[in-house]
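The structure is shown first, and the description follows.

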Amino acid sequence: MDSIDTPTLESVTADLPPSLRLLAARGMARSYRRGTVLIEEGSQGDSLYLILSGSLRAYGCDARGREVTYGIYGPGEYVGEMSLDGGPRSASVITEQASRCVLLTRASLQAHIAEHPEFAFELLTKVIRRARAATLSTKQLALNDVYGRLKALLETTTATSDEILLTHQAMAQRLGCSREMVSKLVKDLELGGYLERVANGRYRRLKTLPARW
């Protein structure tokens, strides 16, 4: 279950940029356990969640229950803005870790924009960036085979460090394929000397991955 936070909003939003602190002041801070579904795909809703700590995962499911991950979002980001046009939710959102968020309604967001119209541009920029990311993801799904998508994911994940902190299931959800397929490819890359398992759910990239497999 979720619970209303006892600390003041001022204390829990201290690390946010000024524009988001002002927005957070219009909502209510709540804490959520890991695995809490905040938004269900297809449902109606007019609220968004501003993340203070933890992380949220946006995902969708097909008829067989197989998941694909659209994005992982952390402190200072917000989710739920895609339904502010009054349409159904385009994705589900779940807490990947125990998280603290500020719940904001459409009415409170409209009031904020009325007083701070510059925030409308910030919100629009966020929507455009996510639309571009979704377009790129769709393109990769259409044009790349599973290995090509895995290679792109691993190279993005290790852009600043050779450590890979993703389980096989998490990789499969991001790639839109089965866990078994990911396990087979990762095992092949280990045997080929490209990846090294350092712990459960953690790998180290040893050298540049081959263009094709």
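In this predicted model, helix H5 (residues 146–157) and helix H7 (residues 179–191) pack at an angle of about 70 degrees, with their axes 11 Å apart, and H5 and H7 are therefore roughly perpendicular to each other. The reasoning needs one cut-off, namely that angles of 65 to 115 degrees count as roughly perpendicular. The crossing in which H5 passes H7 is right-handed. On the side of H5 the contact is made by Val-146, Tyr-147, Leu-150 and Leu-154, and on the side of H7 by Met-181, Leu-185 and Leu-189. Sorted by class, the residues of this contact of H5 with H7 comprise seven nonpolar, no polar and no charged.

Helix H5 also packs on helix H6 (residues 168–175), at an angle of about 115 degrees and with the axes 10 Å apart, which makes H5 roughly perpendicular to H6. Here, too, H5 passes its partner H6 in a right-handed crossing. The contact is made by Arg-149, Leu-150, Leu-153 and Leu-154 of H5, together with Met-171, Arg-174 and Leu-175 of H6. By class, the contact of H5 with H6 has five nonpolar and two charged residues, and no polar ones. Leu-150 and Leu-154 of H5 take part in the contact with H7, and Leu-150 and Leu-154 are also named in the contact with H6.

How do H6 and H7 cross, and within what distance do their axes come? The axes of H6 and H7 come within 8 Å and cross at roughly 115 degrees, which makes H6 roughly perpendicular to H7. The crossing of H6 past H7 is right-handed. His-168, Gln-169, Met-171, Ala-172 and Leu-175 of H6 form this contact with Arg-179, Val-182, Ser-183 and Val-186 of H7. The residues of the contact of H6 with H7 divide into five nonpolar, three polar and one charged. Met-171 and Leu-175 of H6 belong to this contact with H7, and Met-171 and Leu-175 also belong to the contact of H6 with H5.

| Helix pair | Angle | Axes | Handedness of crossing |
|---|---|---|---|
| H5 and H7 | about 70 degrees | 11 Å apart | right-handed |
| H5 and H6 | about 115 degrees | 10 Å apart | right-handed |
| H6 and H7 | roughly 115 degrees | within 8 Å | right-handed |

Is Thr-69 buried or exposed? With a relative accessible area of 7%, Thr-69 is buried, since the cut-off for that class is under 20%. The side chains of Thr-69 and Arg-57 are joined by a polar contact of 3.0 Å. When neighbours within four places in sequence are left aside, Thr-69 is in contact with Arg-57, Ala-58, Tyr-59, Gln-173 and Arg-174. Arg-174 in that list is also one of the H6 residues that make the contact with H5.

Leaving aside neighbours within four places in sequence, Val-93 is in contact with Thr-36, Val-37, Leu-38, Ile-39, Leu-56, Arg-57, Ala-58, Tyr-59 and Val-79. Val-93 and Val-79 are 14 residues apart in sequence, and their C-alpha atoms are 8.0 Å apart in space.

Ile-39, one of the contacts of Val-93, lies in strand S3 (residues 37–39) and counts as buried at 4% relative accessibility. Not counting residues up to four places away in sequence, Ile-39 touches Tyr-49, Gly-80, Arg-89, Ala-91, Ser-92 and Val-93. The C-alpha atoms of Ile-39 and Val-79 are separated by 9.3 Å, although these residues stand 40 residues apart along the chain.

A further buried position is Ala-24, found in helix H2 (residues 18–24), which has a relative accessibility of 0%. Ala-24 and Ile-51 are 27 residues apart in sequence and 9.7 Å apart in space, C-alpha to C-alpha.

For the protein as a whole, the secondary structure comes to seven helices and twelve strands. Buried residues make up 40% of the 213 residues, and among contacts between residues at least 6 apart in sequence, 66% join residues at least 24 apart.

Methods:
Residues numbered from 1 in each chain as written. Predicted model: local features only at pLDDT ≥ 70, side-chain atom pairs only at ≥ 80, totals over all residues. Heavy atoms only, no water. Axes fitted to C-alpha atoms, helices over the stretch in contact; angles between N-to-C directions. Helix = DSSP H or I, 4+ residues; strand = E, 2+ residues; numbered from the N terminus. Parallel < 35°, antiparallel > 145°, perpendicular 65-115°, else oblique. Left-handed = near helix turned anticlockwise from the far one by under 90°. Contact = heavy atoms within 4.5 Å. Nonpolar A, V, L, I, M, F, W, Y, C, P; charged D, E, K, R; others polar. Buried < 20%, exposed > 50% of the residue type's maximum accessible area, 1.4 Å probe, protein only. Polar contact = N/O pair within 3.5 Å; in protein donor to acceptor, adjacent residues only side chain to side chain.
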